[in-house]
Amino acid sequence: QGQLVESGGGLVQAGGSLGLSCAASGIAFIYNDMAWYRQAPGNRRELVARITRRGSTYYADSVKGRFTISRDNGKNTIYLQMNSLKPEDTAVYFCKAESIKTYWGQGTQVTVSS
């Protein structure tokens, strides 16, 4: 059974940086496209960034130029480096594995204070 575990969330002031990690187990990681989503209170879960199994990346317009997604296939881990954070980036961030099956992590809270 696949499992994704996020880490690295926390509280940061506007303009600051945070790095998230998502460690995968029980899945064929190299064959999965991986993604970060986020969900703020009262909002729908939205795609933040995606990295394909070949390393191509996609970013939501709201984070383009500020966030960077990457993956380490040797460690079965993806990362999200978040710079120039804004209060509107406050949300629970979820990791997702996309292949024949879909897996979600439990989420990690990111809070950006103004």
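A search of the whole structure finds 1 disulfide, a term used here for a pair of cysteine sulfur atoms within 2.5 Å. The model is predicted: local features need pLDDT of at least 70 and side-chain atom pairs count only at pLDDT 80 or more, while totals for chains, interfaces and linings use all residues. Residues are numbered from 1 along each chain as its sequence is written, and side-chain values use heavy atoms, with hydrogens and water left out.

**View 1. The disulfide joins Cys22 to Cys95.** Here the S to S distance is 2.0 Å. Cys22 sits in strand 3 (residues 18-25) and Cys95 in strand 9 (residues 91-98), so the pair ties together parts 73 residues apart in sequence. Strands are DSSP runs of E, at least two residues, numbered from the N terminus.

**View 2. The link of Cys22 and Cys95 is left-handed.** Look along the S-S bond for the angle of -75 degrees. Cys22 is buried at 0% relative accessibility, and Cys95 is likewise buried at 0%; buried means under 20% relative accessible area (1.4 Å probe, protein chains only).

**View 3. Thr77 belongs to strand 8 (residues 77-82).** Thr77 is buried, with a relative accessible area of 9%. Its side chain reaches the backbone oxygen of Lys75 at 2.8 Å.

Key:
Helix = DSSP H or I, 4+ residues; strand = E, 2+ residues; numbered from the N terminus. Buried < 20%, exposed > 50% of the residue type's maximum accessible area, 1.4 Å probe, protein only. Polar contact = N/O pair within 3.5 Å; in protein donor to acceptor, adjacent residues only side chain to side chain.
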